[in-house]
Amino acid sequence: MPLFDTHAHYDSGAFNADREEILAALPAGNVALVVNPGCDVPSSRTAVALAERFPHVYAAVGIHPSDCGGTTEADYAALRALAQHEKVVAIGEIGLDYYWEDNPPREFQQQVFRRQLELALELDLPVIVHDREAHGDSLAIVLEYPALRGVFHCFSGSPEMAEELIKRGWYLGFDGPITYKNVRRAPEVAAVTPLDRIVIETDAPYLTPVPYRGQRNDSRHLTYVVEKLAEWKGVSPAEMERITLENGKRLYGLP
């Protein structure tokens, strides 16, 4: 079955040398669909432009917590306009990141996060949530909006947090780190996550799975994520490919 990379950053400078070639080659590499999330207004515009050029690429638009310093009303207006594009399927990548000390203040991150969640509700779009070392606040904030739906990208919270999100209809994203030797929480999270709530991601060019860890990631490496999840969930890789393709389409409202 073809693969759906529900989160990849082909707007990244890491692809400047061969972006067109890689994106054009994905269907032949068994990758049927890709969602490219923006991290600020310029990268969101690039994501939309890539989606216009490649039939198998879709865009999400948003302001990442690490990039949210100085966000203005003009930025929210720009996102609202971009989000009306027919190939924009989500608001993202948005959320909270308490890992980096030089990130914008937590209160400001939360404010920008809430504004974008409200935009998603207004436009009836799912959200792509980035949550790094901010599990308590990320969960508390999304629970303020019961009608919200979406995915916690590269989920790194506890099995208890996973169950709380799943109960409310959220999806969880699994990436290359599940193939790393020191992985601890992910098998426990996968164990409590029903098959119909799992989506697969590369976060390309980041989070490259074993055996390519340390190299630039791209969507064709999703196979290794699929194999690990299939092993954990006791299904065949082909079945995991089919399930995650369907889940990704359902999450993003694709036919």
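Helices (H or I, at least four residues) and strands (E, at least two) are DSSP runs, numbered from the N terminus. Counted that way, the protein chain here has nine helices and eight strands. Bear in mind that this is a predicted model, where local features need pLDDT of at least 70 and side-chain atom pairs count only at pLDDT 80 or more, while totals for chains, interfaces and linings use all residues. Residues are numbered from 1 along each chain as its sequence is written, and side-chain values use heavy atoms, with hydrogens and water left out.

**The whole chain**

- With 255 residues, a compact globule would have a radius of gyration near 18 Å, and the protein chain agrees with that at 17 Å. (That radius is taken over C-alpha atoms, and the globule rule is 2.2 Å times the number of residues to the power 0.38.)
- Along the principal axes, the C-alpha atoms fill a box of roughly 45 × 40 × 35 Å.
- Of the 255 residues, 55% count as buried. Buried means under 20% relative accessible area, exposed means over 50%, and partly exposed is in between (1.4 Å probe, protein chains only).
- The chain exposes about 10,700 Å², and carbon and sulfur atoms supply 50% of it. (Areas come from the Shrake-Rupley method with a 1.4 Å probe; for residues, only the protein chains shown count as cover.)
- Take the contacts (heavy atoms within 4.5 Å) with a separation of 6 or more: residues 24 or more positions apart account for 72% of them.

**Aromatic rings**

- Rings of Phe, Tyr and Trp (its six-membered ring) pair if their centres lie within 6.5 Å; planes under 30 degrees apart count as stacked, over 60 as edge-to-face and the rest as tilted.
- That rule gives six aromatic pairs. One involves Tyr10 and Phe15, whose ring centres are 4.8 Å apart with planes at 50°, so this pair is tilted.
- Both partners are tucked away: Tyr10 is buried at 1% relative accessible area, and Phe15 is buried at 0%.
- Tyr212 and Tyr224 make an edge-to-face pair, 5.8 Å centre to centre with 65° between the planes. Tyr212 lies in the loop between β8 (198-200) and α8 (222-233) and Tyr224 in helix α8, so the pair ties together parts that are twelve residues apart in sequence.
- Tyr212 is partly exposed at 30% relative accessibility, and Tyr224 is partly exposed at 25%.
- Phe152, Phe155 and Trp170 form one aromatic cluster.

**Charges over rings**

- A charge sits over a ring if NZ of Lys or CZ of Arg is within 6 Å of the ring centre and within 35 degrees of the ring normal.
- Arg132 lies over the face of Tyr99, 3.6 Å from the ring centre.
- Arg213 has its charged end over the ring of Tyr180, 3.6 Å from the centre.

- His221 lies in the loop between β8 and α8, and it is buried at 12% relative accessible area.
- The side chains of His221 and Asn217 are joined by a polar contact of 3.0 Å. (That is a pair of N or O atoms within 3.5 Å; within protein, one must be able to donate a hydrogen and the other to accept it, and residues adjacent in sequence count only if both atoms are side-chain atoms.)
- Leaving aside neighbours within four places in sequence, His221 touches Thr208, Pro209, Tyr212 and Arg216.
- Ser12 is found in the loop between β1 (3-5) and α1 (19-25), and counts as buried at 11% relative accessibility.
- A polar side-chain atom of Ser12 lies 3.0 Å from the backbone nitrogen of Ala14.
- Leaving aside neighbours within four places in sequence, Ser12 is in contact with Arg19, Pro205 and Tyr206.
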